[in-house]
Amino acid sequence: MHVVVIGAGEVGTSIAGSLASDHEVVVVDVDPDRAEQLKYEIDVLTIAGDGTSSEIQTAADVGRADMVIACTDNDQTNLVACGTAKTLGDGFTIARVKSTDFLRTWQGNEGAFGVDFMVCTDLLTAENIVRVIGLPAAIDVDPFASGLVQMAEFEIAEGSPVAGQTVSEADRFESLTFVGLFRDGELTIPRGDTGIEAGDRAVVIGSPESVQAFATDVAPETTPDEADDIVIVGGSEIGYQTARLLGERELRPRVVEKDQERARWLAEQLPKSVVMEHDATDAEFLTRENVDDSDIVVTALGSDEQNLLVAVLAKRLGVDRVIAVVDSPDYVTVFEEIGIDIAINPRTVTAEEITRFTYESVAENIAVLENDQAEVLELELTEGCALVGRPISEMVSEIDARFVIGAITRGHQLVTPRGDTVLQPGDHVILLVDSDSVSEITSMA
Amino acid sequence: MTSRIRVSWRASVGLTGDVLTALPIPIAFPLLIAIYYGESPLPFLAAIAVSLAVGAAFRSVKDPAEDLGPREAFLAVALIWFLVAAVGAIPFVVAGVGTVAHPVNAMFEAMSGLTTTGATVLVDFSLHSRSVLMWRQVIQWLGGLGILILATAVLSEIGVGGAQLMETETQTQDVNKLTPKISRTAQLIWGIYFGLTGLAVAVYFLLGLAVDPQMDLYNAVAHAFTSVATAGFSPEPLSVGAFHPLIQWAVVPFMVIGSTSFVLIYFAINGEPMRLLKNEEFHFYLGAMGTLASIVAFALFLDPSVTFGAEATVRHAVFNVASIVTTTGYASTDYVLWAPAAKHMLFMGMFIGGMVGSTTCSIKSLRWLVALKSFRRNLYTAIHPEAVRPVRISGKPVDEGAIRDIYAYLLLSIVIFFLLTVVIVVDAERTGLRVTEFEALGAAATTFLNIGPAFGEAGPYGTFASFPMSTRAVMIVLMWIGRIEIIPVLVLFTKAFWTS
């Protein structure tokens, strides 16, 4: 595969590094020194120049490229670079953006800006933080369809309210599907009357909100609810998105922001959250506002130094879990070594997401469960494939494979699969498949 | 050395001229009535002549190079409201019968009409010709939604300046442009007003045919004019109380709709009723009205001096509370005779007002709602000083500057109301008139907040003619100030307005 990476910052370097061994990679960076230096770090061709100019892109042979990844720090540059690439060839374009506005525009209009896949760094980071906060009870959580769908695996503990219920009793959520049940390491495809026992592992697929609600049913003790006090320190875009996503999951985080105008803006955007305007490094303030008693503190301030200070302060004051956003990948381990519970690096998250996307496979996205007994796949259905054009119930009875369709997204909207749902070309289908049937299913998509 | 005047007054005066030259069109309506009933057309011909003459003189100073900015809009709004009332007073003086033959009384009646107050100095209604009585109704209808929004809708000369004028005329909100062109927006709003008035005529007239011959076409038109405008004049000395109970019930929804935001009514008509039904101000306004009506009904039920049946008790409570809260000023019965509890409830209702962007007057529900919410916020920030809590109305954050303006407006209103009360009491004492404090409070609130009737002598079946002439002169000014929400008049008295 011929891949052009535009932008040799931390994200671009990391992506180029993981692709370099198997593919032909060209990296473009506006800074000649950086381009020169990269040549000696990884085995790629580097070109110094403006990645949005068609001259430079022609030099990078974009016309022949299978994939163009624009991941500079500037949204507009990335979008224009993808637009330019589309005029030169028909490689798959990936753009990294910070603005959720661009993401929304792209989600609402297929192929907008000439971008085939868009990764929103801040939103992705926020989604990560929310998964860490919201689903401590899950053994495994994976996002599908750009975060519209989540797969989660839970172990049903002794005394869980779900233990002893049937699947249809436990699955009382509109957009949630019970796709698999592991008992003593054996996969069962659950039906409505299948009983759930303590010790079972349940796999569900659905909207992130419904998965969160199900987690509350499965493990009410450990899953945070409205009564839990979550404090987000720093109203950066990541802080804001985290608060917003938590709000969608019926959690009510408090947000601390120093800048007056930003605090006002946050308070206007987050009607259900309490926003406080103050310097979060003030220990007296943190104690007065009972931040020391809170269950979770997330630091999302502008610099690593501030995040470190506040995270350490929160830990010292006795906060249970402290999650820090760390801008520099080098410091992630430093944070975790001094006792911060979880350190999340936005660039690593972005690079992982893009890299995951570049794996060559029919399935766009894979999660492997229970020692490879089953896989959760995301398939994009093509015109004329065997899964299209028939009601699901008819299809399931005809195909001799063990699989359950968990969720469908159509034009970036979640569609809950029912027996009479008819799949259409272009649908993304997220399904659990018995490992023995994987090749059969992927050959049909 | 004289300092330079920094207001392009020629633009304001010229615009006033435009409005005055258009005024003969509505005056033609009572003129036709006069001809139809064979009454003297002279009062209206005189008004038309003066209006055209003054209008032409004003237009002649217009300088096309001068633009209508915010300052010019203040001046124009203040001038137009005053002069249209002055022209409106001419027919009363020329007709020369009854109390309104006196120029101050005529001006009181016209200003009370134009500002949709509805306080009257008429004593004997039977003296007056049908055309003069209809003129009182027409002038209220003109003032109902505001003269400037009407002017913007029909006078093409105004153009984009209309946005400035409409904003100046109603201090409470930014102009909600429904269409790219402001004149089209004004036409849409006026179209709704016109349509509602037409509907009211039809409903009243048909009910009149069915149950009450007194509600003839004349009365149907006269009351339609002043109910949708939440204005309150009636050619009947007994107000709406002169009609069948069924008609009284029918008047209530028109008063209530008249006090509902016309912008939201526009959306409701155009398939977005939720914008109205989920509006917090709407809830507050209906809630306040409902609560007061229930308390008044309960008070009337307990009061041994009034013995209405169950239907009548509810009807009088609902009708009169709605009439006061919407700032209409009709009455279905003489509530001066009620026990103090019920009367005090009505007095309290005077301060509430309907929704912004309607024909209502008084302080208006939105201001109270914002004030109450920001007060509740203050209680919260007393405990959490760092908390940032925007005040929200229907989910939308309210700008902090707007909240400060609303606080200032509330305080200013209460202060002016208080001063006017003192003036009424002192002036009454000077002339040896017996006015109780409650009556003085009521009369001050009802004129400054543009409601209409008060208590005692100035009650719904009474008259303001018994107050001293000097008190009435002060009331004329305060009705004028109150209707255009204080600021446009007060800024004219600052030095900065003229010179800096």
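Me: Before we look at any sheet, what does it take for two strands to pair?
Reply: Two strands pair if DSSP finds at least two bridges between them. Please keep in mind that this is a predicted model.

Me: Which strands make up the open sheet of 7 strands, and in what order?
Reply: The order is S17(A)-S16(A)-S15(A)-S12(A)-S13(A)-S14(A)-S1(B), and the pairing is mixed.

Me: Which strands stand at the edges there?
Reply: They are S17 (342-344) of chain A and S1 (387-388) of chain B. Each has a single partner strand, so one side of each is left without a neighbour in the sheet.

Me: How do S14(A) and S1(B) pair, then?
Reply: They pair in the antiparallel sense, over 2 bridges. A:Val275 has B:Val388 in S1(B) as its bridge partner.

Me: And S13 with S14 in chain A, parallel or antiparallel?
Reply: Strand S13 (residues 254-257) and strand S14 (residues 274-277) of chain A run parallel and are joined by 4 bridges. Opposite A:Arg254 stands A:Val274 in S14(A).

Me: How many residues does each chain bring to the contact?
Reply: Chain A gives 12 residues and chain B gives 9 residues. On the side of chain A that touches chain B, the elements giving two or more residues are helix H10 (260-269) and S14 of chain A. By class, that side of chain A has 7 nonpolar, 1 polar and 4 charged residues.

Me: Another sheet now. What is the order of the 5 strands in chain A's open sheet?
Reply: The order is S7-S8-S11-S9-S10, with antiparallel pairing. Strand S7 (138-144) and strand S10 (186-188) of chain A are the edge strands, each pairing on one side only. From one strand to the next, the twist averages 20°.

Me: How many bridges join S9 to S11 in chain A?
Reply: There are 6 bridges between strand S9 (residues 176-183) and strand S11 (residues 201-206) of chain A, which run antiparallel. A:Phe178 stands opposite A:Val204 in S11(A).

Me: Which helix packs on that sheet?
Reply: Helix H8 (residues 208-218) of chain A does, touching S7, strand S8 (149-155), S9 and S11 of chain A. The direction of H8 makes about 15° with that of S8(A).

Me: Over to chain B. How many helices and strands does it have?
Reply: Chain B has 22 helices and 3 strands. Its C-alpha trace spans about 70 × 70 × 55 Å along its principal axes.

Me: How does chain B's radius of gyration compare with that of a compact globule?
Reply: A compact globule with 500 residues would have a radius of gyration near 23 Å, and the 22 Å of chain B agrees with this. Buried residues make up 50% of the 500 residues in chain B. Among contacts in chain B between residues at least 6 apart in sequence, 73% join residues at least 24 apart.

Me: Is H10(B) enclosed or open, and why?
Reply: H10(B) is largely enclosed by the rest of the structure, because 10 of its 12 residues are buried. Among them are B:Ala220, B:His223 and B:Phe225.

Me: What covers the buried residues?
Reply: The cover for H10(B) includes helix H6 (130-144), helix H9 (182-211) and helix H11 (245-258) of chain B.

Me: How far does that helix reach, and what follows it?
Reply: Helix H10 (residues 217-228) of chain B reaches 17 Å from its first C-alpha to its last, close to the 16 Å expected at 1.5 Å a residue. H10(B) is followed by B:Thr230, whose phi is positive, near 40°.

Technical notes: Residues are numbered from 1 along each chain as its sequence is written. Chains are lettered from A and ligands numbered from 1 in the order in which they are written. This is a predicted model: local features need pLDDT of at least 70, side-chain atom pairs count only at pLDDT 80 or more; totals for chains, interfaces and linings use all residues. Two residues are in contact if their C-beta atoms, placed from the backbone, lie within 7 Å. Ala, Val, Leu, Ile, Met, Phe, Trp, Tyr, Cys and Pro count as nonpolar, Asp, Glu, Lys and Arg as charged, and the others, Gly among them, as polar. The radius of gyration is taken over C-alpha atoms; the globule rule is 2.2 Å times the number of residues to the power 0.38. A residue is buried if 20 or more other C-beta atoms lie within 10 Å of its own, exposed if 12 or fewer, and partly exposed in between; C-beta atoms are placed from the backbone. Axes are lines fitted to C-alpha atoms, for helices over the stretch in contact, and angles run from 0 to 180 degrees between N-to-C directions. The expected span of a helix is 1.5 Å times one less than its number of residues.
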